[in-house]
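Reader: Please take me through a close look at a single part of this structure. I would like the sheet, then the aromatic contacts.

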Amino acid sequence: MNTPAPKAPIKDLREGIELLKQQPGQFVSTDVEVDPQAELAGVYRKVGAGGTVTRPTQVGPAMLIENVKGYDIPVIVGVLASRTRIATFLGADEKRLGQHMLNAMEHAQEPEVVESAPCQEIVYHADDPDFDIRTLLPAPTNTPEDAGPYFCMAVLRGTDPDTGQHDVTIHRLCVQGRDEISVFMQTGRHIGVMYDKYDAMDKPMPITISMGISPVEYMAISFEPPSTPYGFDELEFAGGLKGSPVELVKAVTIDEMALASAEIVIEGEIQPKIRVAEDQHTNTGFAMPEFPGYDGVANPSLPVIKVKAVTTRRDPILQTLVGPGEEHVSLAGIPTEGSLTQALDNALPGLVTNMYAHSAGGGKYLGILQIHKRDHNDQGRERQAAIVAFGAFPEMKHIILVDDDVDIFDTDDVLWAMTTRFQAERSVIPIPGVRCHPLDPSADPDFLWTNFAHGISTKVIFDCTVPWALRDKFIRAPFQDVDVTKFLPDWPDDRT
């Protein structure tokens, strides 16, 4: 497409924080002591978690907890819990983030290996008798029912033992002991495929866990298939998004690379043949809150990472998120928007002008497609677009189709279209018996007997577009377009 190369204005988390401090309403901090066990998430729930978090909540600023009870390390939460902040980090249009990220694919850059890095300024070896990751790092719990403390913004990097290909993925990590962490790898995730090979050979898998990396790198790493197939190194994509190569550094104790800009790196090996219950020490039955807004069920059998070392910057910052909040929507939803934009444009060029992975679906379940019908031949293709989206992203459950005069990011406008351009008898298209996502509690035979197994769901298309032949009867009231700043000079540009 010959589009200009992206160029992010930041290179690491610290530069991101400084940039947020310059933006009104995007950053707050407190020096009041906060307990990492449930209280920290409870505070941020009201400050800025948003997403599917139990109300009251809101999309608010990122928050730095300077005084974490029992620790010398501060915790930052909510860095990516806002499209506005992500647009600031990427130097992009807030309503075109998916397209901006997709553009970066054309400018991918291979990572560079450096000899020394900030993430290794301080080294803690696990064979030191005083080493205990539970007292070293303030891993929070989201609720009192969590299986244990979790690292929630943890980027695992591993290598395929057969091909030498690399992958970086965010996984759920629960601290299980002084040098043990359980790892949840959903079926099909690339790190999990690599681990299965090591497990079959009865060999430990070297792994690095980088936390507190550049917000730009986090966004790139969250891209999923079909845009990033097995063997594609998302760090190349991150280089394209940053406008410069991602820097890697050789781990201190294992044969693997870590992200050089990280605040904290855990080095370890995923053990073969060993499994533990996620809640083995608490027996709560729950893991942690997941993106649909419910507590996830504790997994009874998870692989274990044996920690070899922890390396950090001087005065490191631990980064975390609130499980079902807007931060997950950003990490899951915006890459989904990019992937689906690519798939839809390939299949139906020019028909879908924009796409929003809505917060109510955690960035995965609910998609809103903006349709531009050009003539009578496009009538019916809007529904084909929804089918393409379901095929390209199987976790999507509901698709709402609207015309191009509807703001897909304004839920009131979308519901207006559903109210005035929708008749359930002709506008609801159910597709029963399709596998969706295992964390949807309604995708179960107990909820609907025709869901013959857990994870089976009825996908639905809600067609809120005007039939081409009736388009002249659905023209919105034609208000005069004016420049409000002529009358109110301080009026924000994004409202004009």
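Author: Two strands pair if DSSP finds at least two bridges between them. In this predicted model, strand 2 (residues 62-65) and strand 3 (residues 75-77) are joined by three bridges. The two strands run antiparallel. Within this pairing, methionine 63 has valine 77 of strand 3 as its bridge partner.

Now the aromatic contacts. The whole structure holds three aromatic pairs. One of them is phenylalanine 291 with tyrosine 365. This pair is edge-to-face, with 5.2 Å centre to centre and 65 degrees between the planes. Phenylalanine 291 sits in the loop between strand 15 (286-289) and strand 16 (295-297), and tyrosine 365 in the loop between strand 19 (352-357) and strand 20 (366-371), so the pair ties together parts 74 residues apart in sequence. Both residues are buried.

Phenylalanine 422 and phenylalanine 462 form a tilted pair. Their centres are 6.3 Å apart, with 35 degrees between the planes. Phenylalanine 422 lies in the loop between helix 11 (411-420) and helix 12 (424-427), and phenylalanine 462 in strand 23 (residues 456-463), so this pair links parts 40 residues apart in sequence. Phenylalanine 422 and phenylalanine 462 are both buried.

Arginines also meet rings. Arginine 172 lies over the face of phenylalanine 184, 4.4 Å from the ring centre. Arginine 476 lies over the face of tryptophan 416, at 3.9 Å from the ring centre.

Methods. Residues are numbered from 1 along each chain as its sequence is written. This is a predicted model: local features need pLDDT of at least 70, side-chain atom pairs count only at pLDDT 80 or more; totals for chains, interfaces and linings use all residues. Side-chain values use heavy atoms; hydrogens and water are left out. Helices (H or I, at least four residues) and strands (E, at least two) are DSSP runs, numbered from the N terminus. Rings of Phe, Tyr and Trp (its six-membered ring) pair if their centres lie within 6.5 Å; planes under 30 degrees apart count as stacked, over 60 as edge-to-face and the rest as tilted. Buried means under 20% relative accessible area, exposed over 50%, partly exposed in between (1.4 Å probe, protein chains only). A charge sits over a ring if NZ of Lys or CZ of Arg is within 6 Å of the ring centre and within 35 degrees of the ring normal.
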